[in-house]
Amino acid sequence: MGALGNGRRGGRSPSLLVAALIACVLLLGFNYWVSNSRNVELQSRILEMEGRIRQLAADRDESSRAS
C-alpha cells in the first residue's frame with residue numbers, strides 16, 4: 001500500500017498559504033477601516049448640507065410671507 005500525496009506534511013497547511021491568507025485578512029481589514037472612515041466623513045457632510053438646506057428653505061418661506 002502506497003501513501004497518497006505528500007506524507008511529510010501530515011495535513012498541515014503550507015506556511016506560504018497561511019501567510020497569504022493572513023495578508024488577505026489584513027488587506028480586507030484595512031480597506032474596511034478606510035471605507036468606514038470615509039463613510040463617516042460623508043455622512044457628516046450630508047447632515048451639514050441638510051441643515052443648510054433647511055435654513056435656506058426657512059429663510060425663503062419667511063421672505064415670501066413678508067412680501
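These notes cover the salt bridges and a nonpolar surface patch in a predicted model.

1. **Salt bridge count.** How many salt bridges does a search of the whole structure find? The search finds two. Side chains of opposite charge can pair when their charged atoms come close. Each pair is taken in turn below.

2. **R38 and E41.** The side chains of these residues meet in a salt bridge, at 3.0 Å from N to O. Both R38 and E41 sit in helix α1. They are three residues apart, about one turn of the helix.

3. **Exposure of the R38–E41 pair.** Are these side chains buried, exposed or in between? R38 has a relative accessible area of 41%, so it counts as partly exposed. E41 is also partly exposed, because its relative accessibility is 38%.

4. **R52 and E48.** Here the side chains of R52 and E48 form a salt bridge, at 2.7 Å from N to O. Helix α1 holds both R52 and E48. The spacing is four residues, about one turn of the helix. E48 has a relative accessible area of 44% and is therefore partly exposed.

5. **Nonpolar patch.** Which residues make the nonpolar surface patch? V18, I22 and L26 make it. The patch covers about 280 Å².

6. L26 belongs to helix α1, which spans residues 15–66. Its relative accessible area is 59%. The cut-off for exposed is over 50%, so L26 counts as exposed.

Conventions:
Residues are numbered from 1 along each chain as its sequence is written. This is a predicted model: local features need pLDDT of at least 70, side-chain atom pairs count only at pLDDT 80 or more; totals for chains, interfaces and linings use all residues. Side-chain values use heavy atoms; hydrogens and water are left out. Patches are made of residues with over 30% relative accessible area and no salt bridge: like charges are joined within 9 Å, nonpolar side chains (Val, Leu, Ile, Met, Phe, Trp, Tyr) within 5 Å. Accessible areas come from the Shrake-Rupley method with a 1.4 Å probe; for residues, only the protein chains shown count as cover. A salt bridge is a side-chain nitrogen of Lys or Arg within 4 Å of a carboxyl oxygen of Asp or Glu. Helices (H or I, at least four residues) and strands (E, at least two) are DSSP runs, numbered from the N terminus. Buried means under 20% relative accessible area, exposed over 50%, partly exposed in between (1.4 Å probe, protein chains only).
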